[in-house]
Amino acid sequence: MRILAIETSCDETAAAVVEDGRRILSSIVSTQAEIHAPYGGVVPELASRHHIENIVPVIRGAMEESGLDFPALGAVAVTQGPGLIGSLLVGLQAAKAIAFVHGKPLVPVHHLAGHIQAPFLAHDAIPFPALALVVSGGHTSLFEVPAEGVYHLIGRTRDDAAGEAFDKVAKLLGLGYPGGPVIDRLARGANDRAIEFTVARIKDGRPDFSFSGLKTAVLYHVRREGIAAPAPGAPVPPQVRDLVASFQRAAVTALLQGLERAARDRRPRSLLLTGGVAANSLLRAEAANTARSLGLPLFVPSLALSTDNAAMIGAAGFVSFRKGLRLGFDANAAAQLPLV
Ligand code: KG4
Ligand code: ZN
C-alpha cells in the first residue's frame, strides 16, 4: 500500500511516498526559511504564495524519486490541519486534484498525528501505551497513545509553544529565523548556568507547560543588561551565547519535567519525543537521561523527520486509511483541528 503524502501546514512544502506506513520510498522537503528569515517569523501570505510555486515540482520530485507513477498509488494523504489556512489549502487542493484524476481515496491527516507517527518510521516495535511529547513551533503537547492511531491529549502549553519561544528569543536578539537551530548551535560550549531562569510550575497539577514567562524573563534581561543585536555577519558575543544557552537549558528542563511527571503518573511503556524542537541537541541528550532514569525506552525521529516533512504524514496517512477516514472533494482545511 503506497501512499503519496502532502504537507503544507506552515512554511515547508513537502511530499513523500511511503509504503505501508513504514518504508519511505521518497521524501522531498522544500523549506521557505530564507524567505521568512528577514521577518523573524512566518509571513502567512508569503508562505501560501510560495507553496503555490513549489507544490507541483515537489510532488513531481517525490513521485520521480519513488520510481512509481500515480496509478501505482493506493491513496493520497494530506495534512488537513491545524496550521496556516492559506498554506493548508494549497496542499489540500493539490491532493484533491491528484485523487480525483486518478480515482484514489483521499485521506486526511492531523499534523500532530504526523509528528507522533514519525518515530514509527524507524522503529517497528514501539511498545504501547506510549507517552508522546510533541514540541513544535505551534504546539507543545503531551499525548497518551494507548494503541496505534489512538491519541489522548493530557497536557499542553497554556501560552507559547516551545519552538515559538526559541524563535522569539532569537528574533529579540537579532539572531535569525528559525531560532531553534541558531540557538542550538550558539549554545554549544557556552555557559548555560550564566543566568538562572526559573522554570514555570503549573499549580493545578495538570501536566501543562508555559513558556511566555521564560520569554519575558529573557526580554527583561536583555533590557537590563542593554544587550544589542550583533551586526549582521559579526561574531555573536559570549554574553549573548551564555544567555541563549541559559534560556535553552531552562526550556529543556521545563519540557522534561513535564514529561517525567506525566510518565510517573501514567506509567507508559515507552516515550516518544517528536516535532521540530525534538531536533534540539540538548533536549535529545537530556531526554535520553530522563528515559534512562524512568527505565523506559525513548524513540526520537531522525533530525530530518523531527521537523516538518511529508514522510510522517504518509505514516499517519496509513493509520488514517486503516481507520477508514476519507475526505470528500468538498472538504475544507482547518486552521484549528482537535486530534481525536
Ligand atoms: O515541527 P516544526 O518543523 O513545524 C511546526 O509544526 O511548527 O517545528 C518548527 C519549530 C521552530 O520553532 C524551530 O525553531 C524549532 O522547531 N526547531 C528547533 C530546532 N530545530 C527546529 N528548536 C530547538 N532546537 C533545534 N535544533
Ligand atoms: Zn510540525
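User: Quick overview first. How many helices and strands in the chain?

Analyst: This is a predicted model. The chain has 11 helices and 10 strands. Its radius of gyration is 20 Å, close to the 20 Å from the globule rule for 340 residues, so the chain is as compact as a globular protein of that length.

User: And what does the C-alpha trace span along its principal axes?

Analyst: About 60 × 45 × 30 Å.

User: What share of the residues count as buried?

Analyst: Of the 340 residues, 54% count as buried. The chain exposes about 14,300 Å². Carbon and sulfur atoms supply 54% of that area.

User: Of the contacts between residues at least 6 apart, what share join residues at least 24 apart?

Analyst: That share is 74%.

User: Switching to charge. How many positive and negative side chains?

Analyst: There are 32 positive and 30 negative side chains. The centres of the two sets lie 5 Å apart.

User: How many salt bridges does that give by the rule?

Analyst: The count comes to 17 salt bridges. Side chains of opposite charge can pair when their charged atoms come close.

User: Start with Asp204. Which side chain does it meet in a salt bridge?

Analyst: Asp204 meets Arg158, at 3.0 Å from N to O. The pair links distant parts of the chain, 46 residues apart. Asp204 sits in the loop between α6 (179-187) and α7 (212-225). Arg158 sits in the loop between β8 (152-156) and α5 (162-172).

User: Which residues are in a network with those two?

Analyst: Arg206 and Asp208. Salt bridges link Arg158, Asp204, Arg206 and Asp208 in a network.

User: What about Asp160? Which residue does it form a salt bridge with?

Analyst: Lys168. The closest N and O atoms of Asp160 and Lys168 are 3.7 Å apart. Asp160 has 8% relative accessibility, so it counts as buried. Lys168, at 33%, counts as partly exposed.

User: Where does Asp184 come in? Which side chain does it meet?

Analyst: Asp184 meets Arg188 in a salt bridge, at 3.2 Å from N to O. Asp184 is buried, with a relative accessible area of 7%.

User: Now phi. What is the value at Asp20?

Analyst: Phi of Asp20 is near 50°, a positive value in a residue other than glycine. Asp20 is in the loop between β2 (12-19) and β3 (23-31). Asp20 counts as partly exposed, at 38% relative accessibility.

User: What about phi at Arg267?

Analyst: Phi of Arg267 is about 50°, positive although the residue is not a glycine. Arg267 lies in the loop between α8 (238-266) and β9 (270-274).

User: Is Arg267 buried or exposed?

Analyst: Arg267 is exposed, with a relative accessible area of 68%.

User: Next, Gly258. Where is it found?

Analyst: Gly258 is in helix α8. At 7% relative accessibility, Gly258 counts as buried.

User: Which residues does Gly258 touch, leaving out those up to four places away in sequence?

Analyst: Gly258 touches Leu142 and Phe209. Gly258 and Gly155 are 103 residues apart along the chain, with 8.6 Å between their C-alpha atoms.

User: Last one, Tyr39. Where is it found?

Analyst: Tyr39 is in the loop between α1 (33-36) and α2 (44-66). Tyr39 has 47% relative accessibility, so it counts as partly exposed.

User: Which residues does Tyr39 touch, again leaving out those up to four places away?

Analyst: Leu46 and Lys171.

User: And how far is Tyr39 from Leu243? What are the sequence and space gaps?

Analyst: Tyr39 and Leu243 are 204 residues apart in sequence. Their C-alpha atoms are 22 Å apart in space.

Note on methods: Residues are numbered from 1 along each chain as its sequence is written. Chains are lettered from A and ligands numbered from 1 in the order in which they are written. This is a predicted model: local features need pLDDT of at least 70, side-chain atom pairs count only at pLDDT 80 or more; totals for chains, interfaces and linings use all residues. Side-chain values use heavy atoms; hydrogens and water are left out. Helices (H or I, at least four residues) and strands (E, at least two) are DSSP runs, numbered from the N terminus. The radius of gyration is taken over C-alpha atoms; the globule rule is 2.2 Å times the number of residues to the power 0.38. Buried means under 20% relative accessible area, exposed over 50%, partly exposed in between (1.4 Å probe, protein chains only). Contact means heavy atoms within 4.5 Å. Accessible areas come from the Shrake-Rupley method with a 1.4 Å probe; for residues, only the protein chains shown count as cover. Lys and Arg count as positive and Asp and Glu as negative; His and the chain ends are not counted. The place of a charge is taken as NZ of Lys, CZ of Arg, CG of Asp or CD of Glu. A salt bridge is a side-chain nitrogen of Lys or Arg within 4 Å of a carboxyl oxygen of Asp or Glu.
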